[in-house]
Amino acid sequence: MPPVLPARSSGFAETAEDAWSGISGMRSRVRASMRSAILWWAAQQAEKRPDFIRCLYSHAVFGETSQRFGEVVRQLRNIGDIVDTATLLELMKQEREPRGRYFHLSFDDGFANVFEEGGAVLDALDTPYTIFIATDLIEASAEVISDYFRTMTAYRRPVRTMSWDQVVRAAASRNVEIGCHTRSHARLSDISHDASLLGTEIAGAKAIIEARTGKPCRAFAWPYGTGADIDETARDAIRNAGFDCAFSAVRGRVIPGQTDGFDIPRHQVEFHWPPHEINAWIKGFREA
């Protein structure tokens, strides 16, 4: 029996407000206000480095945020060039900072709105981007998706994931790269002791993506994205599976000739955030 696909219904969030949990509690509100003030200050500062490489990633582009998303993409294009992963890796191989400003744009988890809303904007602007998918969540049943989101406390309600038809259509675009985010969104540091399971989550997911899309899958982003969520055993498994690179979710500066291609830092931005917070990360706040 074919899976029951997540549908546009009251069970799945179709707006940013429905998707993400709000801030609750006085202490959390104070921290959020302080963070916002710091980011407002950072957004006012001029870009200090004339040349840089910067990786940005997000999770979703909901319909009500698509206009702001388009504005951000145009802003990036006015600042510099948005490059694909292959170009990013070539820039990283250089021994010194390249002349110019370069951004790499990616999305984690394979939410359908990235293809439906974000893809329309990016295609119109002829802009390259990468979608990292967890293959077991693509065309999964509503029950599987709901179970997954119960572990993701940042979300108030589940978000629809892509179908395989959408993944294949995206992969057919010259601007889209389908990257790997494991099979089940596994925390690699928790399973690295099990070689068979690690292989299933990394090499197995790669094989599924390549079989479905008919294209090589070269880029990997590990779930949860912090240094504690991966170890050297998992990094070796990623290399041995034939990936060219791996992306983290740790903010930081990409330094040609120094940044490890299997530990590429990225700045998270979500397009329902206040514009000054997005601008702070675009300008490289918290880059050494």
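1. Gly242 counts as partly exposed because its relative accessibility is 27%, where partly exposed lies between buried, under 20% relative accessible area, and exposed, over 50% (1.4 Å probe, protein chains only). The model is predicted, so local features need pLDDT of at least 70 and side-chain atom pairs count only at pLDDT 80 or more, while totals for chains, interfaces and linings use all residues. Residues are numbered from 1 along each chain as its sequence is written, and side-chain values use heavy atoms, with hydrogens and water left out.

2. Gly242 sits in the loop between α10 (232-240) and β7, helices (H or I, at least four residues) and strands (E, at least two) being DSSP runs numbered from the N terminus. Leaving aside residues up to four places away in sequence, Gly242 touches Lys206 and Arg218, contact meaning heavy atoms within 4.5 Å. From Cys217, Gly242 is 25 residues apart in sequence and 8.7 Å apart in space, C-alpha to C-alpha.

3. Ser248, in the loop between β7 (245-247) and β8, counts as buried because its relative accessibility is 0%. With residues up to four places away in sequence not counted, Ser248 touches Trp222, Gly225, Asp263, Ile264, Pro265 and Arg266.

4. In strand β1 (residues 52-58), seven of seven residues are buried, with Phe52, Arg54, Leu56 and Ser58 on one side and Ile53, Cys55 and Tyr57 on the other.

5. Strand β1 runs parallel to β3 (residues 101-108), joined by seven bridges, and parallel to β8 (residues 267-268), joined by two bridges; pairing requires at least two DSSP bridges between two strands. Leu56 has Leu105 as its bridge partner in β3 and stands opposite His267 in β8.
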